[in-house]
Amino acid sequence: MIPITTAAPTGAAPSPAPNAPGPAQLLLRALQRDRLAAFGAAIILLVLVLAVFGQWLAPFPEQGMGATNASARNLAPDAAHWLGTDQLGRDVLSRVIMGANPALTISLLVVTAAALIGIPLGALAGYRGGWVDEALMRVTEVFQAFPPLLLAMVTVSILGPSLTNAGIALAVSWWPWYARLVRAEARSLRERPYVEAARAMGIPPALIVGRHILRNCLTPILVQATVDIGSVILAAGSLAFIGLGTQPPLPDWGLMVAEGRGLIFSAWWVSTFPGLAIFLAVLGFNLLGDSLRDLLDPRQVKR
Amino acid sequence: MTQLLSIRDLKVEFSDRGTVTNQPVRGIDLDVSAGEILGLVGETGCGKSLTGLAALGILPRGARRTGQVSITADPAAARDGDNGSVAIVFQNPGTAFNPVFTLGRQLGDVLHRHRRMPGAERKAEVLHHLALVGLPDPKRVYGSYPHQLSGGMLQRAMIAMALLRQPRLLILDEPTTALDVTVARQILILVDELRRKFGFGVLLISHNLGVIRDVCDRVAVLYAGRVIESGTVNQVMDNPRHPYTRGLLDALPAGRNASERLNAIPGTVPGNLLSITGCAFRNRCAYAVADCALIDPVLTAAGPQQSVACIREGEL
Amino acid sequence: MTAVLSLENIVKTFHHRGGAVTAVDDVSLSIEEGTVFGLVGESGSGKSTLARCAMHLMRPTSGRVLFEGNDVGTLGPRALRRMRSRMGIVLQNPVAALNPRMSIGASVAEPLRAHTGLKGTALQSHIDELLEEVGLGSEHADRLPHQLSGGQCQRVGIARALATSPRLVILDEPTSALDVSVQAQILNLLQDLRHRKNLTYLLISHDLDVVRYLSDEVAVMKTGQIIETGPSGRIFTDPQQDYTRTLIAATPGRGLTAAAHAPAAAVASLSGEGTHEEW
């Protein structure tokens, strides 16, 4: 009846972005600006490369896996062995390189498992509230009451020492943090106007949680997960250090630090370089994790 | 009339690593005299809040101001290094106070920074000011935490806090936006009475034309970082000369019913003010002519109490 | 029966650790088809709570909500979902009412996906149509909320509310967060849409001018009760209750020396004659 003559504000500010940059471009742009994040990303890339191509990059791969060389014990770093050899004559560089794979694998698996368990439980508890929430909180509190490493130690002692069991133990200790993180986010997000609008429109709760709640708490989850990968590398290394993780002769940074303990003053390189590897890996994931929050902000898509 | 605040050609620009990205304030001239209330009105993006902050010298990071801002200090108030010039009251009283300290403590701290006095005297002075702003039970408010008080009471307390500094000029940035209408009205009445009593000047920043009409003596209408019309409130509100001012007043639903269409100004405020040539309003103006794209209009007198920035001013 | 929405003796009490608060205290009202019902009140009046009860986003402590003649409280899940498709809502903060990570098109599509079987190109063209109707070009469909202005976001909110061709649209402070000129655009749009589609509106606002402009029937709420109700023309020209008069007099633009008396806990009398008192 009455034609709409209200002026359509199209074309006026904010002017449409001709081609909104894709995520890859955004990431590159952001890394250019944030040096620390770029440094962290570089380290992670290095660890990734070593994890995938380790056995081809290592100069002495069989020693990496444990073959000994009695004639070359405790040699200081030289042209043949850049990082020296350990007490069984094995090339430290090769073992450090090949230690990247188990470290990265186990930490990715642990973080993924913890997230897969914790996120749905946390989302459910946070969105529904009530007794579901209370029940979940009590359960997580039981797990969180233990110092994380202690809980992992107990679990491994029951299951038997191995990298796999260390992984299971760590996943069991880690999931409550994701549950609580998501629960807190869900509780705050459920009050948002767009969630209320979705409820008013009759969107089923499962879709509301998936589409509106989880999608908007992805950022803190990813940030936490990135930093956690570093933390799990450290934790797995700690478990191996006390003999509850990877068993000799397999390469594992934590195990290598333990094996070189007695030689700290005579053959310092045996413990130091694997320790440095742990340090750098954790640093890399931490730096990237810190910067991810800004990188993942939807408002980065320029007007 | 003593002139308290004088702003000439104020510009504020934002830069990101050396490149200027925007210029939200593009040359503003303002004067506030003792005892008068000047209203600064405009919509989102016109630069009114930045102007208020620039007058105080507290711009956000990345912002740079040029131009002249002079605030006349009162020689009699020059004690302890403070010329007691300007105080500002912000929009949201609920978040302006620290939630973990009592109001008495917070007001006392402000007083302590500006005028040294022993504890008991300080408390008495704070209580006196709390009563001055119409709080019926100053002792109770003194001992209360922010969350225990209503929005209206907090706003009064903020005004009291501003008055403790004995300002010659009070800047109010959207003082009533977060309040209910009945409470807001009381605050405006209070401000009006206080300035009559103490003689300070007031710069009232608001997007609400009704508020401006109620309490201001003079008004400056901002658009895209410039003053496009100014004058006494009666003149500007009853006889607006700039097409934008007319458009704003016509767009108000007040006094109309559903059978009349509102005269919405088409289009939106330009986003980036750096690339504007000519008059910033011309794309939305029903009276625009070719020259409007070439000539940058300057605020010129259009009557005894009115100035307009429009090249077609005399004809419309 | 022409009443689209009917609220009968609605009471809503919230229980805290410290006690109970009755936000809505025995409110009844009825909205006829094709009319605009304005609910006015200040903060704490209970108007928002009442609106939430009307939409069945909260259950009233007692009382009935009748939508199109059906008692909403007794509807089964499928009937309830159907009811929701016949009711639209437009919220106060236009940008916050949209999922920041969902494109405009996806936000408008959401109710369509939930209630209709529309898919693919049919869905897309329906979305484009809705966007055109509210004055937005279809090129906006791929953009994110933060890339649009407040007014544009509110248009999206209106498009989304109208997506499933509802009978009743609840407008909760639809223009309070908008500038004057944008507010006028949105009010004009709401008027146009209302006439074109014969919509019924429940308008909740603290802005008397907006309510007066848009509404046919008005109810004034204070501390959980309706203290006055009637045709909007009458309420504003001949208010019967003191509170209504106070509200009208307090509307910005009417001057500070209006006849309405200031409430008791207001400005203490300021002593001091003369124009300039020394600090």
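Reader: In which handedness of crossing does α5(A) pass α7(A)?
Author: In this predicted model, the crossing in which α5(A) passes α7(A) can be assigned a hand. The contact involves Leu136(A), Thr140(A), Phe143(A) and Gln144(A) of α5(A), with Ser173(A), Pro176(A), Ala179(A) and Arg180(A) on the side of α7(A). By class, these residues are 4 nonpolar, 3 polar and 1 charged. The crossing is left-handed.

Reader: Which element gives the largest share of the side of chain B that touches chain C?
Author: The contact joins 43 residues of chain B to 38 residues of chain C. On the chain B side, two or more residues each come from α7 (181-198), α8 (209-215) and α10 (243-251). That side divides into 19 nonpolar, 13 polar and 11 charged residues. The largest share, 12 residues, is that of α7(B).

Reader: What percentage of the residues of chain C count as buried?
Author: Chain C has 9 helices and 10 strands, and its C-alpha atoms fill a box of roughly 75 × 45 × 40 Å along the principal axes. Among its contacts between residues at least 6 apart in sequence, 67% join residues at least 24 apart. Of the 279 residues of chain C, the buried share is 49%.

Technical notes. Residues are numbered from 1 along each chain as its sequence is written. Chains are lettered from A and ligands numbered from 1 in the order in which they are written. This is a predicted model: local features need pLDDT of at least 70, side-chain atom pairs count only at pLDDT 80 or more; totals for chains, interfaces and linings use all residues. A crossing is left-handed if the near helix is turned anticlockwise from the far one by less than a right angle, and right-handed if clockwise. Helices (H or I, at least four residues) and strands (E, at least two) are DSSP runs, numbered from the N terminus. Two residues are in contact if their C-beta atoms, placed from the backbone, lie within 7 Å. Ala, Val, Leu, Ile, Met, Phe, Trp, Tyr, Cys and Pro count as nonpolar, Asp, Glu, Lys and Arg as charged, and the others, Gly among them, as polar. A residue is buried if 20 or more other C-beta atoms lie within 10 Å of its own, exposed if 12 or fewer, and partly exposed in between; C-beta atoms are placed from the backbone.
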